[in-house]
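Please keep the sequence and the model in view while reading.

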Amino acid sequence: MSRPLIHRSPIPGLGISAGITITLLSLVVLLPIGALLAKGAIAGPERLWTEVNSARIWASLWLSFRLSFLAALFNLVFGVALAWVLARYRFPGRRLIDAAIDLPFALPTAVAGIALTALYAPNGAFGALAKDLGFRIAYTPSGIFIALVFVGLPFVTRTVQPVIDEIEREVEEASATLGASRLHTIRHVVLPMLAPAALTGFALSLARAVGEYGSVIFIAGNLPMKTEIAPLLIVIKLEEFNYEGATAIGIAMLAISFALLLVINAIQVWSRRRIGYV
């Protein structure tokens with residue numbers, strides 16, 4: 001009597017896989033967050049609120065999250081368009097552009113900040129042109145916005161590009177054959193399929209922008225109440241040995257980021273259900 005064939009997965013069983021995953025997740029993610037929350041619990045909510053409840057800190061939090069959201073929104077639109085061009089068309093220089101998208105991943109953030117400042121400072125190539133037109137880019141919120149767009153763009157493009165590669169051209173051709181316009185095809189055929197991946201890229205771009213430090217401090221100017229970002233205030237508090245103040249800002253950023261990601265994930269689940277993925 002022949003024995004039944006057993007199909008074994010190349011990946012170890014549930015116990016081993018779950019143990020390794022949970023251990024690494026705890027060391028890399030949960031342990032640092034737990035240490036931050038434990039430090040906050042030791043300080044107490046009243047002390048944390050006293051530390052964070054100042055005009056300077058609220059201004060820095062508003063600046064960081066507002067510009068991060070706007071930069072992620074810009075990357076959502078431009079990143080999807082760029083991914084579509086790279087996936088759908090062949091043209092001279094395509095490979096060079098495709099490789100340049102990954103530069104923010106490869107460059108140290110400090111190098112990126114110095115390069116952006118050199119370009120957009122009043123005596124830089126683009127900064128001098130802006131100065132002639134009557135406005136400044138570097139050392140203003142506009143400079144911070146450009147830096148956040150630079151570091152966040154690859155997250156959207158690289159997340160959406162593989163999904164576009166998997167969309168068959170026949171789907172678009174069928175829509176056109178049925179008499180749909182290009183705008184109708186984009187709105188009702190293409191975008192629903194791209195929405196989950198695009199929202200994932202948006203969330204990644206937003207998360208990167210909120211915590212960005214190295215590429216921003218050089219071009220920001222770091223003026224209190226004007227161009228001072230929240231991560232810089234955390235560094236300042238640590239240099240002053242004010243660990244409770246740094247903890248308070250960190251917990252505030254964690255709470256706001258967590259709330260934003262919950263909203264984005266809820267929209268993501270809704271978009272997947274709408275197109276029948278789940």
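Of the 278 residues of the protein chain, 36% count as buried, where buried means under 20% relative accessible area, exposed over 50% and partly exposed in between, with a 1.4 Å probe and protein chains only. The model is predicted: local features need pLDDT of at least 70 and side-chain atom pairs count only at pLDDT 80 or more, while totals for chains, interfaces and linings use all residues. Residues are numbered from 1 along each chain as its sequence is written, and side-chain values use heavy atoms, with hydrogens and water left out.

The protein chain contains 13 helices and 0 strands; helices (H or I, at least four residues) and strands (E, at least two) are DSSP runs, numbered from the N terminus. Its C-alpha trace spans about 75 × 65 × 30 Å along the principal axes. Among contacts with a separation of 6 or more, 74% join residues 24 or more positions apart, a contact being heavy atoms within 4.5 Å.

On the surface, a nonpolar patch with about 1,100 Å² of accessible area together includes I16, L27, L37 and L254. Areas come from the Shrake-Rupley method with a 1.4 Å probe; for residues, only the protein chains shown count as cover. Helix α1 (residues 14-43) supplies the largest share of the patch, 11 residues. L27 lies in this helix α1 and is exposed, its relative accessible area being 54%.

Methods. Patch = residues over 30% accessible without salt bridge, like charges linked within 9 Å, V, L, I, M, F, W, Y side chains within 5 Å. Salt bridge = Lys/Arg side-chain N within 4 Å of Asp/Glu carboxyl O.
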